[in-house]
Amino acid sequence: MNDVLSKIGEGLSNSFLMAWAVWWALVLGFAISAIVQAWVPRERIQTALGGSGPRPVALATALGAASSSCSYAAIAIAKSLFQKGASGAAALAFQFASTNLVIELGIVIWVLIGWQFTLAEFVGGLVLITVMTLLLRLFVSRRLEAQARAHALEADAGHQHHTSGAQLTLRQRLRSLAAWSDVASNFRNDWSMVWKEITAGFFLAGFIGLLGNDFFNTLFITNSNHALRTIENVVVGPIVAILSFVCSVGNVPLAAVLWSGGISFSGVLAFIFADLIVIPIILIYRKYYGGRFAFRITALMFVTIVISALIVGGVFGALGLIPQVRPTRADIFQSVKLDYKLVLNIIGLVVFATLFGLAMRGGATHVACHTSEAPADVQPTHARDHVHGP
């Protein structure tokens, strides 16, 4: 019993220490994301997402990159865009962009496993969208896409983020309490949507970190020729992600443990890319679009993830950008001490409390994403309705 309690305590300690290492980065990333969501106008982008071709996909990518990193919010907004006439390619491009090209994810990846992975994540997001667009018609016919749109029109709407209702200059926004209230509203809503995923990610990473590298050597091929190892890793990585139920920023701590345990660079990327095909989200696809379309786009995304991870891993390997030194468990689960992280985490706590307090004062809508059911969707006018500040 003492050994069991000791292991539980060690696992919880690991979870806390990993969260401690990235707390300031999380707050900074979500704060920047909230500012972008509140202050960057995108009505013209949203009205141009209909039809096929590269332009709607490019615009959907831009819109996704300026959105929240919550996987559940991403699929809800994508569904609304799809209802309004956006092509299947544009809707999926929005999902990939909003979960791979957002600042908060990049910062956390940088802190935990290095800038090379952050760069690979952003490059990979663009490769994912390109490969997905090229392969779409092999998996989804226009007739099936039309049937899925009809099915999606029957779903309910309700999810919204706050954008500034007034047309203000940047200087006016910086001095406007209403504009900062919009930022605070988005900040609070984004945290409300992903805190369970992030907590679960740190929790699982803390306990998986107790496993020795022998465990990972049985799960992933680590001692074989490079080609076989890479292919097996990029196939098994997404499967592990699917079964972990963890998505969004929450899967980055697990990715750090996998990288430490010996999985290949491409395998880690495939694991991170797979946050849009975890089991709860697949069930939401089925509810939104029907079983046939859900199965096809899930298969499409799985194949896209595998191909994209191989492409990015190959390019980074050829350029010598793959890190040669892996972090140890001690590197991942660092101790709390008097250093720059302590100062940054205190600043992060102040920013967090200030924005949450402003959101509470302004009556921000509390929106939560749940893994057991589909989140509410955006309002029908466009992806992010205008809501005036208090």
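Author: A salt bridge is a side-chain nitrogen of Lys or Arg within 4 Å of a carboxyl oxygen of Asp or Glu. The model here is predicted, so local features need pLDDT of at least 70, side-chain atom pairs count only at pLDDT 80 or more, and totals for chains, interfaces and linings use all residues. Residues are numbered from 1 along each chain as its sequence is written, and side-chain values use heavy atoms, with hydrogens and water left out.

Reader: How many salt bridges does a search of the whole structure find?

Author: The search finds two. In one of them, the closest N and O atoms of Glu145 and Arg149 are 3.4 Å apart. Helices are DSSP runs of H or I with at least four residues, numbered from the N terminus. Glu145 and Arg149 are four residues apart in helix α8 (residues 142–152), which means that about one helical turn separates them.

Reader: Which residue forms a salt bridge with Glu145 at 3.1 Å?

Author: That residue is Arg137, with 3.1 Å between the closest N and O atoms. Shared partners join Arg137, Glu145 and Arg149 into one network of salt bridges.

Reader: Is Glu145 buried or exposed?

Author: Buried means under 20% relative accessible area, exposed over 50%, and partly exposed in between, with a 1.4 Å probe and protein chains only. Glu145 has 6% relative accessibility and therefore counts as buried. Arg137, with a relative accessible area of 36%, is partly exposed.

How values were computed:
Helices (H or I, at least four residues) and strands (E, at least two) are DSSP runs, numbered from the N terminus.
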